Amino acid sequence: MNYKAKALTIAGTDCSGGAGVQADLKTFHTFEVYGMSVITAITAENTQQVKSIQDIDPQIISDQIDMVFEDIRPDALKIGMVSTEKTIKTIAKKLKEYKFDKIILDPVMVAKGGEFLLKKNNEKFLIEELIPISYLITPNIPEAEIISEMAIKNIEDMKNACIKIYEKGAKNVLLKGGHFKGEIATDILYDGFNFYEYSEKRINSKNTHGTGCTISAAITSLIAQNYTLKDALTIAKDFITKAIKYAPKNIGHGHGPLNHNIKPAKIQHFKYHANDYDKWFKSNKILFENELKAQKKALKNPEKTLAVGIGDGLFAKELGIKEGIEPSEDMAKLAKSKGLDVKIGYAEELPYDDESWENVYLGTIMASVNDKRKSIQEAVRVCKKNGEIIISILPKESSFPLLYDLSYLKGEFDKKISPEYPYPLEFLKDVKWATVEEVSDLMKEYGIKNIEYIQTLTMHPKYSNIIEEEPRSGYTHGDYVIIKGVKK
């Protein structure tokens, strides 16, 4: 298998396996991220107590960071237990040298049993050296009180503390409210502009050993995969809640460990936008006449073709496709209302047997899937031998992605410069446009032969200089390109 991303944890160990580096690496693995570690301290601890701590020589810490970055540069990293001034300054110096900015800081200060993991009077070095280089800091209430130098008794105090911590240099602050009593546990994210609350029903459990390590590792895994911060927190919160709820009951005699084998949730981008999307496409069908012509030219047996990313089913219905898969339940409902057979699922995990389809069509989803390689691998797996894999894209090198990105940066669709995009603006933040060459190479990597192209131009009156262009073979400049080949 190929990993979705690479992540590094810079932290201390936990010989009992529930927290620290051990918890981080378990979490990375669950999120299908390749995990690496830089050890800052060795702790002799279990679920009941911390017996002793041996700090690692700063030169060894520096060398570990060098060895990781020189060979397997991470996509994101987290910092956990850093107990001394020299450790903190060494880490900060090296990360600045490598110009690394996807840093999740879990400011570990006190263990569950009350033992200090950050030596007293070293808080100022963590604040001065590590907070300013962090993309996100994830303190709990006691840690936030130390950093913000204020008492935190309620939600309003949490927000004020977030502001104070943000002003110390962090790009984003996630203040975890688990230490408050009550039926609901609320975490607050502050990005310098707005507050976002993440609330879950509190789970009464003694299995809370390593919760801070685990949620920060989950966030790191998702940031490494280019999830937006808000989406990453939504998934990580769901993960940590279930990790506590379904924690093992037969490990340890104190604060037991979590269940790190929980399957991460998926984000449904169209949960509140599916009907708008459907209405937009119905009222703008004329804009996609050329694309439909190209699809009809590419699909020889649509009734025997699986549509991956069937969306609202509008185009699939017109093409004669009868069955598809869609990650959004709301979009799937719209497709089903059009008489299509739709399963809920993802391009990276198709719920079909090997070689169960004559042809597989991935319709303009390559920009939004988390793993392009795995999506194509899955398409090949479920396609019969000598069947066709068909992929349509808006190429990264064409004008449309640039115009959409400009709309996202501006914060609104400017109809004077770009065609209105039917998706919600926040969807665009997750988009990773693909080039024709990139998709072609991935298809060839998985044994797809006889690659051919069909290109066409949009008919948007405010964009295209060519009013009409019939789809034609080859690729030179098309706004919309279909790449197809045969599974051998």
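Mentor: Leu 362 has Ile 391 as its bridge partner in β14. The model is a predicted one. Strand β14 covers residues 383–393, and its pairing with β13 is parallel, over six bridges. On β13 there is also Tyr 361, which stands opposite Ala 307. The pairing behind that contact is between β13 and strand β10 (residues 305–308), again parallel, with four bridges. Strand β13 itself spans residues 357–363 and is mostly covered, with six of its seven residues buried.

These pairings belong to an open sheet of eight strands, ordered β12-β11-β10-β13-β14-β17-β15-β16, with mixed pairing. Its edge strands are β12 (341–344) and β16 (472–473), each of which pairs on one side only. An antiparallel pairing in the sheet is that of strand β15 (residues 448–456) with strand β17 (residues 480–487), over seven bridges. Within this pairing, Ile 454 stands opposite Ile 482 of β17. Strand β17 also holds Lys 487. Lys 487 counts as buried because its relative accessibility is 9%, below the 20% limit. The C-alpha atom of Lys 487 is separated by 47 Å from that of Gly 80, 407 residues away along the chain.

Next, the charged side chains. Lys 263 and Glu 349 form a salt bridge in which the closest N and O atoms are 3.2 Å apart. This pair links distant parts of the chain: Lys 263 is in the loop between α8 and α9, whereas Glu 349 is in the loop between β12 and β13, 86 residues apart. Lys 263 is exposed, at 58% relative accessible area, and Glu 349 is partly exposed, at 30%.

Another salt bridge joins Lys 237 to Asp 187, with 3.0 Å between the closest N and O atoms. Lys 237 belongs to helix α8 (residues 229–245) and Asp 187 to strand β8 (residues 184–190), so the pair ties together parts 50 residues apart in sequence. Both Lys 237 and Asp 187 are buried.

Asp 278 and Lys 282 form a salt bridge as well, the closest N and O atoms being 3.2 Å apart. Both residues lie in helix α9, four residues apart, about one turn of the helix. Asp 278 is buried, with 5% relative accessible area, while Lys 282 is partly exposed, with 48%.

A patch of negative charge on the surface gathers Glu 397, Glu 437, Glu 438 and Asp 441. Of these, Glu 438 is placed in helix α16 (residues 436–445) and counts as partly exposed, at 32% relative accessibility.

Definitions and conventions. Residues are numbered from 1 along each chain as its sequence is written. This is a predicted model: local features need pLDDT of at least 70, side-chain atom pairs count only at pLDDT 80 or more; totals for chains, interfaces and linings use all residues. Side-chain values use heavy atoms; hydrogens and water are left out. Patches are made of residues with over 30% relative accessible area and no salt bridge: like charges are joined within 9 Å, nonpolar side chains (Val, Leu, Ile, Met, Phe, Trp, Tyr) within 5 Å. Accessible areas come from the Shrake-Rupley method with a 1.4 Å probe; for residues, only the protein chains shown count as cover. A salt bridge is a side-chain nitrogen of Lys or Arg within 4 Å of a carboxyl oxygen of Asp or Glu. Lys and Arg count as positive and Asp and Glu as negative; His and the chain ends are not counted. The place of a charge is taken as NZ of Lys, CZ of Arg, CG of Asp or CD of Glu. Helices (H or I, at least four residues) and strands (E, at least two) are DSSP runs, numbered from the N terminus. Buried means under 20% relative accessible area, exposed over 50%, partly exposed in between (1.4 Å probe, protein chains only). Two strands pair if DSSP finds at least two bridges between them.
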